[in-house]
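Let's take a friendly walk through this model. Have the 3D view open and follow along.

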Amino acid sequence: MNFDTARPHPARVYDWMIGGRENFPADREAAQRILELNPDARRSFVENRRFLGRVIGHLVDQGVRQFLDIGAGLPASGNVHEIAHAVAPDTRVVYVDHDEIVLAHARALMAGSDRVRIVGGDATRPREILDEPVVRDFIDWSQPVGLLMVALLHFVPDEADPARIVRTFRDALPDGSFLAISHGVVEGWEDRKEQIRKASQAYVRTRDEVADLFAGFELLEPGMVDLAFWRPTDPAPAPTGLYGGVGRLPSGV
């Protein structure tokens with residue numbers, strides 16, 4: 001399989017930011033442009049990974065034993081299945097991504113695992129993901145699901161309607177399921193949104209716009225906050241510019 005390594009790729013940029021090795025000069029150059037706009041961006045990427053870990057730990061504690069990770073990205077330290085299986089080895093995880101680079105790496109890593117599945121799918125076409133045989137059959141849709149959209153929706157343009165995407169998944173989830181989102185946010189410097197998009201391929205949004213994506217879910221404490229402040233383990237967390245939250249789907253939605 002041939003990959004275009006001359007152009008930056010969001011998953012590989014993310015990989016470099018969190019200290020991974022699966023990246024190339026074009027990805028590192030793109031990462032440097034992001035850091036020129038926001039010198040704290042690398043810490044934000046690392047904190048996003050830590051947020052994911054805290055979310056998985058909490059949901060496993062709540063009895064969740066299956067996760068659907070949309071836009072999983074390149075495998076890295078602290079994968080969903082690693083965190084979940086350390087506590088509950090019977091947990092099932094389905095990773096979904098649209099990129100062949102990501103899928104090739106993930107399939108190589110997960111070969112032979114009977115509790116993990118890798119599926120190709122485009123988040124902007126959620127119905128196709130839900131109808132995919134592995135997603136339909138490997139997930140027990142009578143039991144709560146942990147739906148993960150971590151650092152995903154800020155790569156979805158407005159015209160693809162992120163709220164529609166979330167709503168389609170929400171309508172398929174069993175009662176008692178959870179949704180986790182982290183998303184780049186701009187507050188007070190919206191005039192730099194286009195600069196950010198060109199540097200990072202990300203469509204950052206306001207805090208209220210991100211909060212609206214949780215329509216139909218009951219947000220867990222502490223709500224939709226800078227993700228460094230979502231149930232932190234660090235005694236002195238510092239803001240990241242990424243916001244995150246976890247919502248629970250009540251009965252009758």
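In which loop is Ser177 found? In this predicted model, Ser177 sits in the loop between helix H8 (162-172) and strand S5 (178-184). With 0% relative accessibility, Ser177 counts as buried, because buried means under 20%. A polar atom of the Ser177 side chain lies 2.8 Å from the backbone oxygen of Pro174. Leaving aside neighbours within four places in sequence, Ser177 is in contact with Gln143, Pro144, Val145, Gly247, Arg248 and Leu249.

Thr233 counts as exposed. Thr233 and Arg54 are 179 residues apart in sequence, with 8.6 Å between their C-alpha atoms.

| Residue | Relative accessibility | Class |
|---|---|---|
| Ser177 | 0% | buried |
| Thr233 | 69% | exposed |

The largest nonpolar core has 32 residues, and Leu68, Ile70, Met149 and Phe169 have the most contacts inside it. Elements that each supply at least two residues of this core include strand S1 (66-70), strand S4 (146-150), H8 and S5. H8 gives the largest share, three residues. Not counting residues up to four places away in sequence, Leu68 touches several residues, among them Val94, Trp141, Leu148 and Phe169. A second, separate core has 29 residues, including Val64, Ala84, Val93 and Val246.

Conventions. Residues are numbered from 1 along each chain as its sequence is written. This is a predicted model: local features need pLDDT of at least 70, side-chain atom pairs count only at pLDDT 80 or more; totals for chains, interfaces and linings use all residues. Side-chain values use heavy atoms; hydrogens and water are left out. Buried means under 20% relative accessible area, exposed over 50%, partly exposed in between (1.4 Å probe, protein chains only). Helices (H or I, at least four residues) and strands (E, at least two) are DSSP runs, numbered from the N terminus. A polar contact is a pair of N or O atoms within 3.5 Å; within protein, one must be able to donate a hydrogen and the other to accept it, and residues adjacent in sequence count only if both atoms are side-chain atoms. Contact means heavy atoms within 4.5 Å. A nonpolar core is a set of buried Ala, Val, Leu, Ile, Met, Phe, Trp, Tyr and Cys residues joined through side-chain atoms within 4.5 Å.
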